[in-house]
Structures are given as structure tokens and as C-alpha cells.
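Trainee: I have a model open and want to learn how to read it. Can we go through it together?

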Amino acid sequence: MIEYSGMKKDRISAADKIIVALDVHDHNYAIELVEKFKDYVSIFKVGLELFISSGPKIIDDINKKNKKVFLDLKFHDIPNTVTKAALAATRLGVYMFNVHTSGGIEMMKRCRDKIVEVCLKENIEKPKMLGVTVLTSLTREIITDELGIRHGLRTQVKHLSGLALKAGLDGVITSVKEAEIVRNHCGRGFLIITPGIRPSWTPPDDQQRTATPKEAIRAGADYLVVGRAILQQADPINAIELIILEILSA
Ligand code: C5P
């Protein structure tokens with residue numbers, strides 16, 4: 001087992017790229033998982049299932065363990081509603097949260113500006129605001145045939161990332177397959193968070209645009225969101241260690 005305190009700096013920064021998706025509904029079980037992984041992982045993702053079943057207390061309880069929360073509720077509504085929800089999340093102490101870029105520039109910008117203003121006034125650390133581009137469970141066929149977006153997946157991700165940049169967001173969530181396009185289009189310093197991570201030893205499940213941790217880092221990802229490839233393994237700590245090694249080898 002890796003001793004976090006004894007981990008070399010490069011191993012720690014590799015581990016810091018992993019965001020564990022707490023895709024469970026039980027509060028106590030989620031906290032047990034945080035406790036189990038806390039020596040390896042700094043950021044835990046709280047999504048719809050856990051937030052709806054646990055409520056805001058889950059954020060407080062993770063923060064009390066000195067761990068950061070990525071609140072993945074993918075806000076998608078009118079500017080006023082998204083801004084108020086984002087402010088509530090900010091005051092709860094989240095480290096990152098996200099909105100759908102397809103909500104448009106005005107929604108993203110109004111939300112971002114209000115957060116900057118309130119954080120300054122109330123002396124709160126500004127959370128990182130991320131934009132969801134195209135879900136990693138969607139394919140080119142779904143995008144074009146079902147959703148009627150004519151110009152295809154890569155162009156759509158590039159376009160939506162550009163909107164997020166223009167609105168002043170800190171970065172986007174996108175599949176590894178489009179990470180390089182986003183990096184080229186939005187430049188260095190723009191955060192790229194990639195879900196759909198599947199090391200060679202895991203099945204794709206419902207994800208369509210998957211990639212290995214090594215591919216993600218090589219494509220320019222800053223953070224890797226990993227759920228089932230850790231949680232559903234017989235030995236999750238070993239899975240984390242293997243992912244850290246893969247990140248290091250990239
Ligand atoms: O288990 P798995 O690693 O596929 O989980 C991926 C996590 O990332 C899930 O919590 C999912 O909601 C989230 N996510 C995603 N695609 C996006 C944004 C978030 O899969 N575009």
C-alpha cells in the first residue's frame with residue numbers, strides 16, 4: 001500500500017489528478033469511501049444520486065475530512081435560476097461545480113460574475129466553474145440523428161468550449177477524444193476534466209467515448225473523473241494505484 005505521507009511529489013501530483021465519483025446513494029457508505037480513499041485522493045465528486053439522497057450535509061461532511069468536493073449537478077436552466085443555485089453551492093463550500101454550456105453565454109457569464117462578486121464580498125474561496133460540453137455517453141449518431149446537431153461531435157465540443165471560455169469559466173468537462181481540440185482552441189490554463197475513463201482492465205459500461213488514464217493525460221486532461229473503474233473493482237485501492245502508475249507513465 002502506498003503511504004501518502006511518504007509518496008514522492010510526482011506520485012502525489014499524479015494522485016491529485018484523480019477525482020473519484022461517489023456514485024452511490026447512501027450517505028454513510030459515501031463517507032466510508034472518502035475515509036477509505038482519503039490518503040490517495042483529494043477531490044470527490046458528488047453527483048445527482050448522492051446529493052438528492054443525502055442533501056447538502058454530504059458536502060460539509062466531506063469538507064470536514066479536509067477533502068474537496070466537485071458538485072456535479074450539471075445546472076441547466078435560465079440565468080437567474082442557475083445563478084442562485086450556483087451561489088447556494090458556493091456558500092456550501094464546493095471546490096468545483098458545473099453548468100451545461102448549452103445553457104448559453106448569458107447564463108454562464110451572469111452566474112460566473114455573480115459568484116466572483118459574492119466570493120469577494122463574503123471572503124469565500126471562489127469555486128472552479130466548469131462547463132459540460134457533450135456527455136460522454138452520447139455518440140456521433142445520437143448527436144446528429146436524435147438531437148439534430150448537424151455539424152458533428154468534435155465541432156460541437158469545440159464550439160461549446162469556446163462559449164465557456166468566452167463566458168469566463170475555468171474549464172470544461174469533455175471526453176478524452178475531444179480533449180486535444182479543446183486544448184488547442186481554449187489554450188493552456190483552461191481546465192479540462194475528462195470522465196469516461198476506462199483502464200484496459202475495465203468494461204466500457206454505458207460510456208461510449210472512453211479512454212485509458214494514459215490517453216487522457218496525453219490528450220491534455222488536467223483531471224480524470226473515475227467512478228466504476230475504481231468503485232466496482234474487487235480491490236479499489238489497487239485500482240487507484242494502477243491508475244496513478246498509468247498517469248505517471250504518460
Ligand atoms: O463510472 P464512470 O467512471 O463511468 O463515471 C463517470 C462519472 O462522470 C459519472 O458520475 C457521470 O455522471 C460523470 N460524467 C460523465 N460524462 C460527462 C460528465 C460527467 O460521465 N460529460
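Trainee: Is Asn66 buried or exposed?

Mentor: Asn66 is exposed, at a relative accessible area of 69%. Buried means under 20% relative accessible area, exposed over 50%, and partly exposed in between, with a 1.4 Å probe and protein chains only. Asn66 sits in the loop between helix 4 (57–64) and strand 3. Its phi is positive, about 60°, although Asn66 is not a glycine. This is a predicted model: local features need pLDDT of at least 70, side-chain atom pairs count only at pLDDT 80 or more, and totals for chains, interfaces and linings use all residues. Residues are numbered from 1 along each chain as its sequence is written, and side-chain values use heavy atoms, with hydrogens and water left out.

Trainee: Where is Asn123 found?

Mentor: Look in the loop between helix 6 (105–122) and strand 5 (128–132). Asn123 is not a glycine, yet has a positive phi of about 55°. Asn123 counts as exposed, with 73% relative accessibility. Helices (H or I, at least four residues) and strands (E, at least two) are DSSP runs, numbered from the N terminus.

Trainee: In what order do the eight strands close into a barrel?

Mentor: First, the pairing rule: two strands pair if DSSP finds at least two bridges between them. Here the order is 1-2-3-4-5-6-7-8, with parallel pairing. From one strand to the next, the twist averages 25°. Angles run from 0 to 180 degrees between N-to-C directions, and axes are lines fitted to C-alpha atoms, for helices over the stretch in contact. Gly131 stands opposite Val172 in strand 6.

Trainee: Which strands does helix 12 lie across?

Mentor: Helix 12 (residues 236–249) lies across strand 1 (18–21) and strand 8. Helix 12 runs at about 150° to strand 1. Contact means heavy atoms within 4.5 Å.

Trainee: What volume does the largest pocket have?

Mentor: Rolling a probe the size of a water molecule over the atoms shows where empty space is left. A pocket, on a 1 Å grid over the protein atoms alone with a 1.4 Å probe, is an open set of points with protein on both sides within 12 Å along at least five of seven lines. Here the largest pocket has a volume of about 570 Å³. Of its 28 lining residues (an atom within 4 Å of a point), the closest to the centre are Lys45, Asp72, Lys74, Pro195 and Gln207.

Trainee: Which strand gives the most to the lining?

Mentor: Strand 3 does, with three residues.

Key: Points joined across faces, edges and corners; volume = space filled by probe spheres on them.
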